[in-house]
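The sequence and structure are shown first.

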Amino acid sequence: SGLKVLMLPFGHNVNSCLGTLAIQLRSLTNVTKLGLQKWSLNDLDLNSLASLVTSGHLEKLQCLDLADNSVTTDGWIAFFGALRQIETGGLCKLTSLDFSSQLELHPEAFMVKEFVQWIVKLHFIHEVVLVNWMFDENDLNMIKNAKASQKREFQLRLSETYKQ
């Protein structure tokens, strides 16, 4: 299929369509941009997306917008862990991602470690938006040190202002 951009609208109960969407995404091999912002996605929904990626789909994806959903720390740990198992890092062509949380998310150190180990495998990433992720100084240092050791340059936006 020639469809490259799929930025879907949000509304009440749209996440109930995720199963059908996942089936469709298997046949959409050229999608480079996927937006599921404000879809009320939860941990199980994120797991479904991870399964899609680990089974070899969405490999051309460059932009992933999952902002303003309801994923918990456990959901993100499972997501990053699953993607990290793929040798290339899963979603290896991403240039930008937005995983901003609808509510404040207080990541555990293990979640930050899983995120960092995945993100440094993404050679093309240049923008990472994580609004409402409440990182502490240790978390930010872990990200900064991983960026430096892997020679990765990307903008990390944690609020409405940019931070290096």
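How many cavities of 30 Å³ or more does the structure hold? There are 2 cavities of 30 Å³ or more. The model is a predicted one, and every value below is computed from it.

**Cavities**

The largest cavity contains about 40 Å³ of space. Its lining consists of Leu-49, Val-53, Leu-58, Leu-64, Leu-66, Phe-79 and Leu-91. By class, this lining has 7 nonpolar residues, with no polar and no charged ones.

The second largest cavity has a volume of about 30 Å³. Around the second largest cavity lie Leu-66, Asn-69, Ser-70, Val-71, Trp-76, Phe-99, Ser-100 and Ser-101. Its lining is divided into 4 nonpolar and 4 polar residues, and no charged residue takes part.

**Helix pairs**

| Helix pair | Residues | Angle | Axis distance |
|---|---|---|---|
| H1 and H2 | 18-27 and 43-54 | roughly 10° | within 11 Å |
| H2 and H3 | H3: 73-84 | about 5° | 9 Å |
| H4 and H5 | 109-119 and 137-149 | about 20° | 10 Å |

Angles under 35 degrees count as roughly parallel. At roughly 10°, H1 and H2 are therefore roughly parallel to each other. The contact between H1 and H2 joins Leu-18, Ala-22, Leu-25 and Arg-26 of H1 to Asp-45, Ser-48 and Leu-52 of H2. By class, this contact has 4 nonpolar residues, 1 polar residue and 2 charged residues.

H2 also packs against H3, at an angle of about 5°, and these two helices are therefore roughly parallel as well. On the H2 side, the contact is made by Asp-43, Leu-46, Ala-50, Val-53 and Thr-54. H3 contributes Asp-74, Gly-75, Trp-76, Phe-79, Ala-82 and Leu-83. The residues of the contact of H2 with H3 comprise 7 nonpolar, 2 polar and 2 charged.

What is the handedness of the crossing of H4 and H5? The crossing is right-handed. With an angle of about 20°, H4 and H5 are therefore roughly parallel to each other. From H4, the contact takes Ala-109, Val-112, Lys-113, Phe-115 and Val-116. From H5, it takes Asp-139, Met-142, Ile-143 and Ala-146. The contact of H4 with H5 includes 7 nonpolar and 2 charged residues, and no polar ones.

Key. Residues numbered from 1 in each chain as written. Predicted model: local features only at pLDDT ≥ 70, side-chain atom pairs only at ≥ 80, totals over all residues. Heavy atoms only, no water. Axes fitted to C-alpha atoms, helices over the stretch in contact; angles between N-to-C directions. Helix = DSSP H or I, 4+ residues; strand = E, 2+ residues; numbered from the N terminus. Parallel < 35°, antiparallel > 145°, perpendicular 65-115°, else oblique. Left-handed = near helix turned anticlockwise from the far one by under 90°. Contact = heavy atoms within 4.5 Å. Nonpolar A, V, L, I, M, F, W, Y, C, P; charged D, E, K, R; others polar. 1 Å grid on protein atoms, 1.4 Å probe; cavity = no way out; pocket = protein on both sides within 12 Å on 5 of 7 lines; lining within 4 Å. Points joined across faces, edges and corners; volume = space filled by probe spheres on them.
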